[in-house]
Amino acid sequence: MERTGFEKFIWNLTQRFTSVLDTSFSPEDYIAIDLSETNEELEKIDISSSESFAGFIDNYLKNTGKKVAFGGYTEIRKLYRRSELFSHLEDARDIHLGMDFWAPAQTAVLAVLDGKIHSFKDNANFGDYGPTIILEHSLNGDKFYSLYGHLSRKSLENLKPGQEFKQGEKIGELGTAEENGDYAPHLHFQIIGHLEDKIGDFPGVASRRDLDFYLRNCPDPDLLLKLRH
């Protein structure tokens, strides 16, 4: 499929693997994971339990000898059906729009590009992002955003709108299930073209009805990070 102009723009911003987590992790420490509705291994655990899900992730990393599990862009997941935030609507949202990075709580989260704080918020609903930071990036007159969700509450302390961060600088850390929306510790990372006046929040899961819009507005983050590309 031919890339859109926005996708080409994102692709050209980096030349090689770019870290969004602690730089002590090398590309060889990462491994893709399938959390889609078609993965029969997920039928063997209670996916409504963050503790059970964390055990599944930990075992996967132990068995593969890796340190970070990643993936999830456009993945259709049963995971969200446990939360009314996604499942109570007639047209339920279950298609993931970002990339997830499953790693231990307190793992450092890094700015992927030079940017400044657009907004931040503790989205504290069950199944939501928990503490979230959105960076604004401006390059050659083009403005877009990166979202970092499921952080620790400590990550939001002393932040100010407009505060600047350089690429690779620590902006926060992964939160525990008790503070990150009740998930196994991980980062939800998403690229956003237009925020639509959202503050500290933006949909990270789409319905089939709205999917075309969100795919245009939220391209594959790996175009920037280059773990697979």
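Q: Is Y148 buried or exposed?
A: Buried means under 20% relative accessible area, exposed over 50% and partly exposed in between, with a 1.4 Å probe and protein chains only. Y148 has a relative accessible area of 0%, so Y148 is buried. F189 also counts as buried, at 0% relative accessibility. This is a predicted model, in which local features need pLDDT of at least 70 and side-chain atom pairs count only at pLDDT 80 or more, while totals for chains, interfaces and linings use all residues. Residues are numbered from 1 along each chain as its sequence is written, and side-chain values use heavy atoms, with hydrogens and water left out.

Q: How is an aromatic pair described, and what is the case for Y148 and F189?
A: A pair of aromatic rings is described by the distance of the centres and the angle of the planes. Rings of Phe, Tyr and Trp (its six-membered ring) pair if their centres lie within 6.5 Å; planes under 30 degrees apart count as stacked, over 60 as edge-to-face and the rest as tilted. Y148 and F189 form a tilted pair, with 5.3 Å from centre to centre and 50° between the planes. Because Y148 lies in strand β8 and F189 in strand β11, the pair ties together parts that are 41 residues apart in sequence. Helices (H or I, at least four residues) and strands (E, at least two) are DSSP runs, numbered from the N terminus.

Q: How many aromatic pairs does a search of the whole structure find?
A: The search finds 12. In one of them, Y30 and F101 have ring centres 6.2 Å apart and planes at 90°, so this pair is edge-to-face. Y30 is in strand β1 (residues 30–32) and F101 in strand β4, 71 residues apart, and the pair links these distant parts of the chain. Both residues are buried. Ring pairs also link F17, F25, Y30, F70 and F101 into a cluster.

Q: Which charged residue has its end over the ring of W11?
A: A charge sits over a ring if NZ of Lys or CZ of Arg is within 6 Å of the ring centre and within 35 degrees of the ring normal. The charged end of K226 is over the ring of W11, 4.1 Å from its centre. R3 lies over the face of W11 as well, at 4.5 Å from the ring centre.

Q: Which residues touch the most other members of the largest nonpolar core?
A: In soluble globular proteins, nonpolar side chains tend to be buried together. A nonpolar core is a set of buried Ala, Val, Leu, Ile, Met, Phe, Trp, Tyr and Cys residues joined through side-chain atoms within 4.5 Å. The largest here has 33 residues, and V20, L21, F101, Y148, L187 and F189 touch the most other members. Elements that each supply at least two residues of this core include α1 (5–11), β7 (130–139) and α5 (222–225). A second, separate core has 14 residues, among them F56, I57, W102 and Y183.

Q: What is the order of the strands in the open sheet?
A: Strands of a sheet pair through backbone hydrogen bonds, either parallel or antiparallel. Two strands pair if DSSP finds at least two bridges between them. The open sheet has eight strands in the order β1-β2-β4-β11-β8-β7-β6-β9, with mixed pairing. β1 and β9 (164–165) stand at the edges with a single partner strand each, so one side of each is left without a neighbour in the sheet.

Q: Which way do β1 and β2 run?
A: They run parallel and are joined by three bridges, with A69 in β2 as the bridge partner of I31. β2 and β4 pair in the antiparallel sense over three bridges, and F101 in β4 is the bridge partner of F70. β4 and β11 also run antiparallel, joined by four bridges, and F101 stands opposite L187 in β11.

Q: Where is D197, and what is its phi?
A: Most residues other than glycine have a negative phi, and most peptide bonds are trans. D197 has a positive phi, near 65°, and lies in the loop between β11 and β12. At 76% relative accessibility, D197 counts as exposed.
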